[in-house]
Each structure stands twice: as structure tokens, then as C-alpha cells.
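Have the sequence and the 3D view open side by side, and let's take a walk through them together.

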Amino acid sequence: MLAVDSLLKYQASSPERVAFCENERVVDYRSFCLQVASISARLVDDGVNPGDRVALLLPRGIDAACSIYAILFVGACYVPLDIKNPDLRLAFIVEDVQADCLLGEGDRPAWYSSGIWINLLESSGDATAKIDIEKVYCAAPEALAAILYTSGSTGNPKGVSISHRAIDAFVQWTAETFTINGDEHIASLAPFHFDLSLFDLFTSVYCAAKTSFVPQSLTLAPGKLVNWLEEQGISSWYTVPSILGFLTLRGGLKLGRLPALKRILFAGELFSIERLNKLASLLPDVALYNLFGPTETNVCSYWLVDRARLTELKSSPIGGSACGASFKIDSGGELLVDGPCVMSGYWQGGGLQKKEAGWYRTGDRVSENERGELVYHGRIDRMIKSSGYRIEPAEVELVINHYDGVQESLVLGKEDMISGQRLVAAVVGEALDMQGLKIYLKHHLPSYMQPYKMIFLDFLPLLSNGKVDIQKVKAQLEGL
Amino acid sequence: MNDVLKQFVFQELVQVSDPKKFSDDEDLLEAGLDSMGIMRLVVFIEETFGVTLPDDEIEPDNLQSLNRIISWIERHRS
């Protein structure tokens, strides 16, 4: 992988260059690489082999970044878990991905019984780890580097499997397109189970840049977050529109602030054009880029925000090809993508379901405008986007349907000014207990997948063709 | 004011097993109040109670519990 090669190069050629910062902790390329070597020696000692899958149960930060590089050093594939997921979901994912090893801090979790457990807090006993370039495994381009679990339309989470080739294509494209170099200071806020983090983890190192992890508490304090970005002298940031919207509305942004900031890349959800326009006017010298693509294609298109057109546009175009992707729009308006960034397939039910060669159907409805830019029109299926999270209603319904007394349910996305959409549910059953159901959902689903409002119905209304009358249910739920 | 605020918090923002048993000092951030929830809450407070909350005061210290939120609102009511 390009980023691994770069790390090995820079630890020797510019060892004192700063690689990552987390609060007061600063690591240069040399000491970062030494920590990576130490963890990778431990992985080997504990029996991790090339091609294995190593799940990661760590908060975003330097230790997790070191661990990811260590996993790649030994030729294994990293599976970043969302530490906020309930245990039941974590257990499902670790079982589904057939993790050979779980890396975390503290005691072995009760839900992980088989496989190797590595506690990072325990000293490896090898403080004198050396960087032995010969021992760094050289993975084949098609070997899997990462598996990112996402909500599955069949009712269970599924793993988007990403090869070294796909990450390299993304890294090269971002480095060239955004002219990232060693002088860049990148802010990292995306959790590692989100594909946005590939920029912070890999493009950064490939370009010998410095990356600082945004302290978690600042996501709840927009004014302080802006101060932090300014004090740090952040120059590049790849984040989600919901955070940018929060900063735009309540971050105390005004002309002259964030003088070091050169560019913001955003992806993951729609950015309302009014808010984007406001952000653009508050930061007149910052290049804004709308990056687009489901996790399965990483970034397949992008649009450099054209400020002159913002007042006349109804929505932000998703632009033209990124990362060497080719497009096709079928007769139903669905976007098909092929290119080097496309995933290898879904990891599901214990193995990789290899994707057939050729076009990947995104499920996104698009069209081309008069300038030849792609414009997004929504999903052809039921997928919901809420604050950047993608949610398959079927997964939530399956969990609800397993609750005592529930016969069936329907989960929908309610339009929302702040999150884009919020989950609501209609539940059919006998003698149901609302509070009990809510607690049950808390134990089975991450908070962003729990419907914030639910109604109980005697039956789901049907259309004459026998299908559920979604519009009718929607109208009932809108009134909540 | 307390009841209106509580109703909004427990119906719209955080799911707790029993809102009646959730004390006014308990940690709302632990209970699941996130950045989007905070944005909803700030808009709700300003619209409902007619106060203006300064941007630089939107931070965990003022939002950690119902009591903290209430005293934050009180400070801006004249």
C-alpha cells in the first residue's frame, strides 16, 4: 500500500516530522513507525497471519491509527468497530467477519470468546522494537485492507470490503486533486469505521502531512471547535455536512476567521444549499468540495463548489468523475459506477461475496445537468440517511419484529432540517409496551438506528395491489 | 419551564428507561444527547423561552444535565 511505503520512507528520511497529534500527545514519523512496529511484532507473536481479519475496538486517535498500520504491516485486514454500538451488534459483526483477532484496551469483552484478544494497555514486553522493513508484508493489490461494516438491507450488518488497490487509487487521487503536501495540517474527526477516515489515515501519511485528531468534546461545542481549528492552523478538513451546518449556524464563524484553512471536503449526506451558501460566504477564501459516493465506491464524483452559482442552484451538484471512476445512468435514472475505487464485494455470513466484475449499481438516482454535472435525486430503494449515517430500514424492522408481541413493523425516514432524515416507526402487535420496546432497541441498535418516535397500529394499511401503503403510514407518522 | 424542557428532551432527544426516575443531575450526554440533539435543543430553548444563547456558550458544561441547562437558561433571562 502506498501509505505504508510512505511511512517506511519518511520515518527514515524525515524522522522528526510530525505525523499525528492527539490533545497534548505529538508523534513524529519515526516514533509513530516504531509504535506500529511494536504492535505488529505483537500481532505476529500472538499468531496473526497475512490475510487474517483483525477487528479494532478503540476510540479514534493515535493508538487506533498505529494499530491500523500495524495490522497492514503484517498483511492482515482491519475491521474498525463503532465502540458506541451495543454489545449484541458488535458480537454479530465480529462473528460475521470471522475475526481472527480483536484489538482493544482492557479486559477481553464478554461477547468475544473465540480468537485472539490483544490488550493494548498491556506492555508488549518489547519496548526495543525495531523497524525491520524486510518484515513488512507486501500485500497483493487485490488483497483486502479494510472491511467497513454498514447497515444491510437483508436485515443484518454487512461489510464493505476494500482492497489495497482501492485505497491506493483514492489516496493518489486526493493527493493530486487537492494538492496535499507535507505542509498540510489535516483535522481528523471521522470515526475510522467511516470511509471519510481513509483521507486522514492514508492520504495524510502518503503526503507526509501532519494530522490532528479533533477532541471528541468539541463536537458538542461549535464555538470551541472553530477556535480549535484556528489555533491549530488546520489547512484541510474532510468532514460531514451536519457538523459543518452546526458550525455555520452556531460556530461564531465570520469573515477573517480560520485564515490557515485552504479547503473543506464534505461527503456523507446532502448539504442544504442555503447552509452551504452561508458557509461559502463566511469563508470566502476556502475551497469547498462536495465529494460523493456510497461506501461501496468510496468517492466516485466530486464538485468544486461554484460560489457564483449557489444562489440559483436548488441543490449542490455532485459533479464529475473522481478517482478514475466511469459512470453510466440506466433508463430508471440509477447511477452505475466502475473504477479502481469500487469495493471487492460484501463480507457477509462469514465470507467475501465477491462482486461481479463491471458496473456497480449504486441505488442512487441521478441525472446530468446542462453542464454535464451529475445531480443527485435520492435513493431508488428505502435507504435512509440520518446525520451522515446510512441506515437500512429492514435492519431496524428485523430487530423490532423480534420483540415480544410484535407482528410487523415499518420504519421510515421523516424529513428533518437538522439531520436530513430521522427514523420513525409504525409497529403492529398485541399488548405492546412502548417503554419496554424502547429499552429493548437500545440494547440491540446504535442510537442513530433507534426510531425517535413510534406509533402502534392495529394493522399496516395496504394498497389495492397488496403492498403496504407507505404514504398513508408516513402521513400518520408526520403528525407526531 | 422545567416540565416543558423535560418533555422535549425525553420525547425528542434522548431515550431513557423511565423519564420520571431520571434525576435533574443525571448525565444527559451519557444518555445519548449528541451534537445534532444539542442543536435541536438550542433552537427549541430559544424559540420556546424567548432567550438568545450565545454561540460560545454552547458546550458540554452547560448541557450536561437538566439542572445545568435550566441554570444556563436562567442566566440569560432578564
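**A leucine to start with**

Leu258(A) counts as buried because its relative accessibility is 8%; buried means under 20% relative accessible area, exposed means over 50%, and partly exposed is in between, with a 1.4 Å probe and protein chains only. Before going on, note that this is a predicted model, where local features need pLDDT of at least 70, side-chain atom pairs count only at pLDDT 80 or more, and totals for chains, interfaces and linings use all residues. Residues are numbered from 1 along each chain as its sequence is written, chains are lettered from A and ligands numbered from 1 in the order in which they are written, and side-chain values use heavy atoms, leaving out hydrogens and water.

Back to our leucine. Leu258(A) sits in the loop between helix H8 (241-250) and strand E12 (263-266) of chain A. Helices (H or I, at least four residues) and strands (E, at least two) are DSSP runs, numbered from the N terminus. The phi angle of Leu258(A) is near 50°, a positive value in a residue other than glycine.

Now look at Asn298(A). Which loop holds Asn298(A)? The one between strand E13 (287-292) and strand E14 (301-304) of chain A. Asn298(A) has a phi near 50°, again a positive value in a residue other than glycine. With a relative accessibility of 7%, Asn298(A) counts as buried.

Time to zoom out. Chain A has twelve helices and 26 strands, and its C-alpha atoms fill a box of roughly 70 × 55 × 45 Å along the principal axes. A compact globule of 480 residues would have a radius of gyration near 23 Å, and chain A agrees, with 23 Å. That radius is taken over C-alpha atoms, and the globule rule is 2.2 Å times the number of residues to the power 0.38. Of those 480 residues in chain A, 60% are buried.

How many residues of chain A are in contact with chain B? There are 29, and they meet 23 residues of chain B; contact means heavy atoms within 4.5 Å. About 2200 Å² is buried between the two chains, with carbon and sulfur atoms giving 54% of it. Buried area is the accessible area (1.4 Å probe) that two parts lose on being put together, summed over both. On the chain B side, Gln15(B), Met39(B) and Arg40(B) supply 32% of the area that chain B buries against chain A, more than any other three residues.
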